[in-house]
Amino acid sequence: MSVEQPCYTLINVSSDTEPCNEMHLKSDLEKGDTQQKVEALKKIIRMILAGERLPAGFLMMIIRYVLPLPDHTAKKLLLIFWEIVPKTTPDGKLLQEMILVCDAYRKDLQHPNEFLRGSTLRFLCKLKEPELLEPLMPSISSAAVRYEAAGTLITLSSAPTAIRAAASCYIDLIVKESDNNVKLIVLDKLVSLGEHPTYNRVLQDLVMDILRVLSSPDLEVRRKTLSLAMELVNSRNIEEMVLFLKKEVSKTIDSEQEDTGKYRQLLVRTLHSCSIKFPDVAATVIPVLIVYLTDSNELAASDVLVFIREAIQKFENLRPLIIEKLLESFRSIQSVKVHRAALWILGEYATSVPDIEAVIKEVSLALGEGSLIAAENRLKQGDVEENKLEPGNQTGPVVTTLVTSDGTYATQSAFNSVQTSSKEKRPPLRQYLVDGDFFIGASLSSTLTKLALRYSNLSTPEKSNRFDAQIMLIMSGIIHLGQSGLSTKPITNDDRDHILFCLRVISDRSQIITDIFTEYCRKALNDMLVAKEFEEVSYQKSKQKTGTKIQTDDPISFLQLETDKGGELGENVFETSLSQALIGGRLGGADAFGANKLNKVTQLTGLSDPVYSEAYVHVNQYDIVLDVLIVNQSNDTLQNCILELATLGDLKLVDKPQPVVLAPKDFCNIKANVKVSSTENGIIFGNIVYDLTGAISDRNVVVLDDIHIDIMDYIVPANCSDTEFMRMWAEFEWENKVTVNTTLTDLNEYLKHLIKSTNMKCLTPEKALSGQCGFMAANMYAKSIFGEDALANLSIEKPFNKPEAPVQGHIRIRAKSQGMALSLGDKINSSQKINQHIKIVSA
């Protein structure tokens, strides 16, 4: 057989075998029975293995007469035949006859006989031609097999058709698979494909297929899907994606699922990113999202307003549209926080006379006509003058024609009446003030002041004075209402002082204060957006994989010429070890055999035990692989040596390790898989049981030390807004308070140590943490790979007069599950002990 042809099967051929007769072979294949055809196929296989060429026409003859046979022996021989027979022409193109072979094996992959399907899959693993594998991909029904087949296809070929087929297979698996863990694993595989520059261009054409995954009800799956779609979307498919997302947003209105509000938030944020990344679609997105300012879910409405604030600052051509739509939805907003932010936007960007007058009109309607105190007094006295019936609801007779019992016609008049409740609903802004929330009154005063200062530059002095008087009347009315006792709570001193300050600004018109109101507020927003954009760019750069730099004097390594007896790692072990031994070696960043791996080796037995054992714990997302080394230190043969394992916590042993036999001074490696279902400190314990040759006594047992699974393998830093942090802090019921016990004397150093040891991200801005005041408070956040949230609040201090005094304080951890809160607390305590030990040793 040619050296270039791969072959995984060795067949012993006796030396006294008679040479094959081409005519006899042809006759047996065409006219012989099943047994004769099988014997003829055996002779052809021996002939090819001996290096002879397949006679012309024999390939099609085997396809016609042998391939359809149901005989199992024939099918096994055919698998060997198709493995060794040349499948391409001399110029490298696939033979046309192989299309028929693909069709036959497509049927075998769907055969009800499991053995036949397995044999066919084993045969496909030996093929190297992507053109043969791609047509068979849809016929592979097992999810696990399809997943592995898609991964194999990617390793074999980087052609766009192969990548597209593998990605389509992954998408189909995510959509059809019911297990969320499987969905997340396959989705991570898609994400890793998207990070590859070459594959990214192929996946860009599959964005709409990827969005099919949003049919899954799991929020974490939806979050990863939208994030992946945002990475892949381009100018060719952005409009189609935005249209799909707008439909998804509309579906959430009538949905009764538990996470509907959070899903709507994700959609709003994705549309926000789409509009900022592709400004051409912003005009179609804004009218759809502004409707959701009236959403009862405050978080979703706040996200919409954050988007509108950024859009109105960046897209000047859309400002009239945004102001118009914002005014239409203003009175329907249900949240005081959203109303405050909407007032700020209107006050900042209503710069023309028509816009300013429209804002004042809308504010007046939201407060109610006339004096606030007079309106409240009338309402308390039962006068509902301001809630008159609308023109369409006026009472009036309605005439209908009826048929009486004797068959004659008659007319009947009826009057419609509208019932009004004794407690009339107030306009929204007045309702906030009556409920005692006068902070919105202070915000409204700032907005009205900005409008007054601009209006004076755009109109005549007479109109400007009338406008100022109207605004000052509103502000003074808010103060009077707060001091009248008609509201639930009186106005605070801060809010009253701010409103009085705004009144003073309108009356004095100081140039410095005017510039602050009319220019510096918008400049501050622009600076904040620029800083946010810079942070996003920095984050994207940090995610990019750095290319390998090759120096001019680096040796070129040819794998074919290396004698790598290590085998499994596929690298030059000597070169790697030498580079690590040298200080400043070129492979300093790659820690193949370094301390990181050694830190994960756990000694399970003592050195004086008859059986020595240690385990390397490899965490692979949702499962743990234990590579256990067992060494027979005795001079006896250990019969039926079994590694018995059990778990504590949310861990599950997948399969039981098989027994082995160990000769004296021999060793072996046993692997065990453990499935993880949640973020919690788990424990794996067990023992080694064995029999001695010729011993009559009971079995021997060596108890193993416990293996503690580190929670940090499942926690990754994450980001969230202050509003989301406070909401989760109020919702999560499990809290763990950890006292700070450290030898560190610097507040910032302790914060860095805490972030490093817990994998959490500090949400408090760096500017807020700068400086030395003797006290520090910071919020931190992280997520597990299972979608669990973990919050932490750090509150530490240090006296100024004692520079060598250690940091004091506490850390409060909150999580939805008890295991998450306790595990993080244990991790912080253990990291503090390690830090103290290092300090003592260094001292």
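Student: Which residues in H8 meet which residues in H9?

Tutor: Happy to, and please keep in mind that this is a predicted model. On the H8 side you will find Ala143, Arg146, Tyr147, Ala150, Gly151, Leu153 and Ile154. They meet Ala162, Ile163, Ala165, Ala166, Cys169, Tyr170, Asp172 and Leu173 in H9. Sorted by class, this contact has 12 nonpolar, one polar and two charged residues.

Now for how the pair is arranged. H8 covers residues 143-156 and H9 covers residues 160-176, and the two helices pack with their axes 9 Å apart. The angle between them is about 155°. Because angles over 145 degrees count as roughly antiparallel, H8 and H9 are roughly antiparallel to each other. The crossing of H8 past H9 is left-handed.

Helix H23 (residues 439-458) and helix H25 (residues 493-508) have axes that come within 9 Å and cross at roughly 10°. H23 is therefore roughly parallel to H25, since angles under 35 degrees are put in that class. H23 contributes Phe439, Gly441, Ala442, Ser445, Ser446, Thr449, Ala452 and Leu453 to the contact. From H25 come Asp495, His498, Ile499, Cys502, Val505 and Ile506. The classes here are eight nonpolar, five polar and one charged.

If you follow the chain on from H25, you come to Arg509, which sits in the loop between H25 and helix H26 (511-543). Most residues other than glycine have a negative phi. Arg509, which is not a glycine, has a positive phi of about 55°. With a relative accessibility of 27%, Arg509 counts as partly exposed. A positive phi turns up at Lys665 too, at about 65°, and Lys665 is not a glycine either. Lys665 belongs to the loop between strand S8 (660-662) and strand S9 (667-676). Its relative accessible area is 53%, so Lys665 is exposed.

Gln110 counts as exposed because its relative accessibility is 53%, and the cut-off for exposed is over 50%. Its C-alpha is 6.6 Å from that of Ser139, although Gln110 and Ser139 are 29 residues apart in sequence.

For a helix inside the fold, look at H17 (residues 298-314). Its 17 residues should span 24 Å at 1.5 Å a residue, and its end C-alpha atoms are 24 Å apart, so the two values agree. Of those 17 residues, 12 are buried, which means that H17 is largely enclosed by the rest of the structure. Among the buried ones are Leu299, Val304, Leu305, Phe307, Ile308 and Ile312. Asp303, Glu310 and Gln313 of H17 are buried as well.

Finally, step back to the whole protein. There are 32 helices and 18 strands, and 41% of the 843 residues count as buried. Among contacts with a separation of 6 or more, 65% come from residues 24 or more positions apart.

How values were computed. Residues numbered from 1 in each chain as written. Predicted model: local features only at pLDDT ≥ 70, side-chain atom pairs only at ≥ 80, totals over all residues. Heavy atoms only, no water. Axes fitted to C-alpha atoms, helices over the stretch in contact; angles between N-to-C directions. Helix = DSSP H or I, 4+ residues; strand = E, 2+ residues; numbered from the N terminus. Parallel < 35°, antiparallel > 145°, perpendicular 65-115°, else oblique. Contact = heavy atoms within 4.5 Å. Nonpolar A, V, L, I, M, F, W, Y, C, P; charged D, E, K, R; others polar. Expected span 1.5 Å × (residues − 1). Buried < 20%, exposed > 50% of the residue type's maximum accessible area, 1.4 Å probe, protein only. Left-handed = near helix turned anticlockwise from the far one by under 90°.
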